[in-house]
Amino acid sequence: MTVIRQQDFIDSIEDALQYISYYHPLDFIQALEVAYHKEENKAAKDAIAQILINSRMSAEGHRPICQDTGIVTCFVKVGMDVKWDKTDLTVQQMVDEGTRRAYLNPDNPLRASIVSDPAGARKNTKDNTPAVVHIDLVAGDQVEVMIAAKGGGSENKTKMVMLNPSDSIVDWVLETLPKMGAGWCPPGMLGIGIGGTAEKAAVLAKESLMDPVNIQELLERGAETTDEKLRVELYEKVNKLGIGAQGLGGLTTVVDVKINSVPTHAASLPVAMIPNCAATRHVHFHLDGSGPADIKPPKLEDWPQVTWELGSNVRRVNLDTVTPEDVQSWQAGETVLLSGKMLTGRDAAHKRIADRLNKGEGLPEGVDLKNKFIYYVGPVDAVGDEVVGPAGPTTATRMDKFTEMMLSQTGLLGMIGKSERGDATVESIKQHKAVYLMAVGGAAYLVSKAIKKARVVAFEDLGMEAIYEFEVEDMPVTVAVDSQGNNVHKQGPAIWKVKIEDMASAQ
Ligand code: SF4
């Protein structure tokens, strides 16, 4: 019988969550480095370069890889021969205590993203609790923990289906994935759970994402089991879709596909697919009663030395003087360096603006969007001499429902976010001769270095969802939808799908 101290468990959870906020798993970084060297689409290669540079900066600076520091998801396997030194807290409560301490750590505060009453008031719990905890009683005398901080953008793209037993899982994945857009910040991984019941398949999919990236090993030794053969087939066919980094089109959409399966009912074939994003963050540890987990930091030399050249024909834009006429000359796919003032706003701020405009109250005091750009972001709080914490883009697609209102009623000139816009929104952008720019999702710490000043101008009570004014210098973005409605997220993957087919037939 092993005695596990409650304090050791809580300390280990806290340490693990701080660790994964700034250290990518090395196997993921190594897979991204391979993808970087292989990539032939310049836009996608640039995006992977930014993700790798951001990763190294986060590891060096001990600041979050992404502004979305995730929902804590924890698998705890408790040995049947384990005894706890105290029993006043449940395993859920111990994980929550570790989460609270990690997210409120003054040296590296992490963004609190969890809201209670999700179907109603959606009030931020302020400490990122409760965590999602899966507990198993297993054989043995240790406690095993696999813990992740799962980004909302990738979690939102989860798909689940009850297939007929004779249906093809590969067909379903290949049909479903292109419809998921780029809000899951590829390149990443796919976790697929097969069998059991509906809820079991979803948990299997999530747990599969805790495994290391090792598809190259599997390709070298050859697939033997059904699941291994399916992994290889999906890995190859998904990458042939040409979705690419950030949905810009390219050779690598996934660096691995993981599969967990269990027996199921003869009438059923439950399948769940959960993507993991560029901010793949998880760590494993065991407690054997000898103290808290000793999670060894990686060596910085293990990060690739990637440089990112902007090229000579980059367009520099002064946001304080830019006009509607200027914007109309920008081309989809072009890299733009933004300097000057922009406003921020995401889901809650847009909802409040919509409510005010519907009631005829106009924009809140201090907010003038005429000929301005709005950046969809919810930054991490600043520490030390930082102007703002990591501040990467959030998924723009969620703001689609507000875009016509914003463009027609506020004089807004453009928006900055990540991932694709819907067809109606692209049409609206075209009608208003506006523009949509994308920054790289998962490069939040790097982006924050371009922000030189930040102040809250409205809706302060919304915390990270308040409207800020940012003053930026040379913030790199790509024109994702230009004023003629050309859309890189449609064109890029379509072009690269054909190129990949051509490359395969030329071999
Ligand atoms: S990389 Fe993208 S999906 Fe992942 S946490 Fe960051 S913003 Fe969300």
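Mentor: Happy to. A word on terms before we start: a helix here is a DSSP run of H or I with at least four residues, a strand is a run of E with at least two, and both are numbered from the N terminus. Please also keep in mind that this is a predicted model.

With those terms, let's go to the loop that holds K433. This loop runs between α13 (423-431) and β17 (435-438). The backbone is what draws the eye: K433 has a positive phi of about 50°, although K433 is not a glycine.

The setting is a strand, β19 (residues 467-481). D474 has 14 C-beta neighbours inside 10 Å and is therefore partly exposed.

G244 is buried because 31 other C-beta atoms lie within 10 Å. Neighbours within four places in sequence aside, the contacts of G244 include N41 and A44, the run from G249 to T253, and then G492, P493 and W496. Another residue to look at from here is A182: the C-alpha atoms of G244 and A182 are 9.0 Å apart, with 62 residues of sequence separating them.

Now compare a buried residue in a strand. A148 sits in β7, and A148 counts as buried because 25 other C-beta atoms are within 10 Å. Although A148 and T73 are 75 residues apart along the chain, their C-alpha atoms are separated by 5.2 Å. T73 is also a contact of A148, as are M210, R281 and H282, once neighbours within four places in sequence are left aside. I147 touches H282 too, along with I13, A16, L17, V72, C74 and V283, again with residues up to four places away left out. I147 is one of the residues with the most contacts inside the largest nonpolar core, together with L32, I48, C74 and V257. That core has 135 residues.

T129 and P130 are joined by a cis bond with omega of about 0°, and P130 is in the loop between β5 (123-124) and β6 (132-138). The bond from P186 to P187 is cis as well, with omega near 5°. P187 belongs to the loop between α6 (169-176) and β9 (188-196).

The chain is divided into domain 1 (1-151 + 300-306), domain 2 (152-278) and domain 3 (315-492). The centres of domain 1 and domain 2, taken over C-alpha atoms, are 21 Å apart. Across that boundary, 25 residues of domain 1 are in contact with 23 residues of domain 2. On the domain 1 side, α2 (26-38), α3 (42-61), β2 (71-79) and β7 (143-150) each supply at least two residues, and α2 gives the largest share, six residues. By class, that side has 14 nonpolar, five polar and six charged residues.

The entry places a feature named "domain: Fe-S hydro-lyase tartrate dehydratase alpha-type catalytic" at residues 11-285. That span is 37% helix and 25% strand, with its end C-alpha atoms 12 Å apart. The entry also has "domain: Fe-S hydro-lyase tartrate dehydratase beta-type catalytic", covering residues 289-491. Here the content is 22% helix and 24% strand, and the end C-alpha atoms lie 56 Å apart.

Finally, the ligand. There are 14 residues around the ligand, and those that come nearest are G151, G153, C185, C277 and G442. The shell consists of six nonpolar, seven polar and one charged residues.

Terms used. Residues are numbered from 1 along each chain as its sequence is written. This is a predicted model: local features need pLDDT of at least 70, side-chain atom pairs count only at pLDDT 80 or more; totals for chains, interfaces and linings use all residues. A residue is buried if 20 or more other C-beta atoms lie within 10 Å of its own, exposed if 12 or fewer, and partly exposed in between; C-beta atoms are placed from the backbone. Two residues are in contact if their C-beta atoms, placed from the backbone, lie within 7 Å. A nonpolar core is a set of buried Ala, Val, Leu, Ile, Met, Phe, Trp, Tyr and Cys residues joined through C-beta atoms within 7 Å. A residue is near a molecule or strand if its C-beta atom, placed from the backbone, lies within 6 Å of it. Ala, Val, Leu, Ile, Met, Phe, Trp, Tyr, Cys and Pro count as nonpolar, Asp, Glu, Lys and Arg as charged, and the others, Gly among them, as polar. UniProt positions are given in the numbering used here, feature names are shortened, and annotations may be inferred rather than shown by experiment. Domain bounds come from an automatic or database domain assignment.
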